[in-house]
Amino acid sequence: MLQENGKCITKLENMGFRVGQGLIERFTKDTARFKDELDIMKFVCKDFWTTVFRKQIDNLRTNHQGIYVLQDNKFRLITQMSAGKQYLEHVPKYLAFTCGLIRGGLSNLGIRSIVTAEVSAMPACKYAYSEIVYF
C-alpha cells in the first residue's frame, strides 16, 4: 500500500510539472524577460498563483542563498479538507501536484529546482523551493 501511494504521489507531481510548464509558457509569452531569480519568484507568487488559485501567495521569504519559502495561509485545494480529519491522508496528493506545478513553472523559466511542501496547521501550506546547483 505504501509503495502504491508513493507511485501515486510521483505521478501527481509529474502531472503538475507538465501543467506548470504549459501554464508558465502561456502566462509569460507577452512578458518582458525577468532580471533575476527574485523577479521570477515575485511573478510566481503574484501573477501565476493568482491565475491558478485566484489569490496571491500570502508570504514569500528567502535566505538569499537560493532557498525561497512561499506561504499560502488558506490553500484553496485543502481548505475543504481542513474541516474533516478523515481526509488528512489525501493532503499529500494535493500538495504533490502543486509542488510539481511550481517546479514545472520554474523549469520553464530556466530554474532547475526541488520543491517540497509542509502543512503545519490546515489549511495553511508552505512550499520550500531550492535551486539545484551544479558544481
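Two aromatic rings of Phe, Tyr or Trp form a pair if their centres lie within 6.5 Å. Planes under 30 degrees apart make the pair stacked, planes over 60 make it edge-to-face, and the rest are tilted. This structure is a predicted model. A search through the whole of it finds eight aromatic pairs.

**Two pairs in detail**

Start with F34 and F43. Their ring centres are 5.2 Å apart, and their planes meet at 55 degrees, so this pair is tilted.

The table sets the two pairs side by side.

| Pair | Centre to centre | Angle between planes | Class |
|---|---|---|---|
| F34 and F43 | 5.2 Å | 55 degrees | tilted |

Where do Y68 and Y129 lie? Y68 belongs to strand β2, which covers residues 67-72. Y129 belongs to strand β4, residues 125-131. Are Y68 and Y129 buried or exposed? Both are buried.

**An aromatic cluster**

One cluster is made up of W49, F53, F75 and Y127.

**The fold as a whole**

How many helices and strands does the chain have? There are three helices and four strands. Read from the N terminus, their order is α-α-β-β-α-β-β.

Next comes overall size. For 135 residues, a compact globule would have a radius of gyration near 14 Å. The chain has 15 Å, which agrees with that value. Along the principal axes, the C-alpha atoms fill a box of roughly 45 × 30 × 30 Å.

Contacts reach across the sequence as well. Take those between residues at least 6 apart in sequence: 56% of them join residues at least 24 apart.

**Surface and charge**

What share of the 135 residues is buried? Buried residues account for 34%. The accessible surface of the chain is about 8600 Å². Carbon and sulfur atoms contribute 51% of that surface.

The chain carries 19 positive and 13 negative ones. The centres of these two sets lie 4 Å apart.

Definitions and conventions
Residues are numbered from 1 along each chain as its sequence is written. This is a predicted model: local features need pLDDT of at least 70, side-chain atom pairs count only at pLDDT 80 or more; totals for chains, interfaces and linings use all residues. Side-chain values use heavy atoms; hydrogens and water are left out. Rings of Phe, Tyr and Trp (its six-membered ring) pair if their centres lie within 6.5 Å; planes under 30 degrees apart count as stacked, over 60 as edge-to-face and the rest as tilted. Helices (H or I, at least four residues) and strands (E, at least two) are DSSP runs, numbered from the N terminus. Buried means under 20% relative accessible area, exposed over 50%, partly exposed in between (1.4 Å probe, protein chains only). The radius of gyration is taken over C-alpha atoms; the globule rule is 2.2 Å times the number of residues to the power 0.38. Contact means heavy atoms within 4.5 Å. Accessible areas come from the Shrake-Rupley method with a 1.4 Å probe; for residues, only the protein chains shown count as cover. Lys and Arg count as positive and Asp and Glu as negative; His and the chain ends are not counted. The place of a charge is taken as NZ of Lys, CZ of Arg, CG of Asp or CD of Glu.
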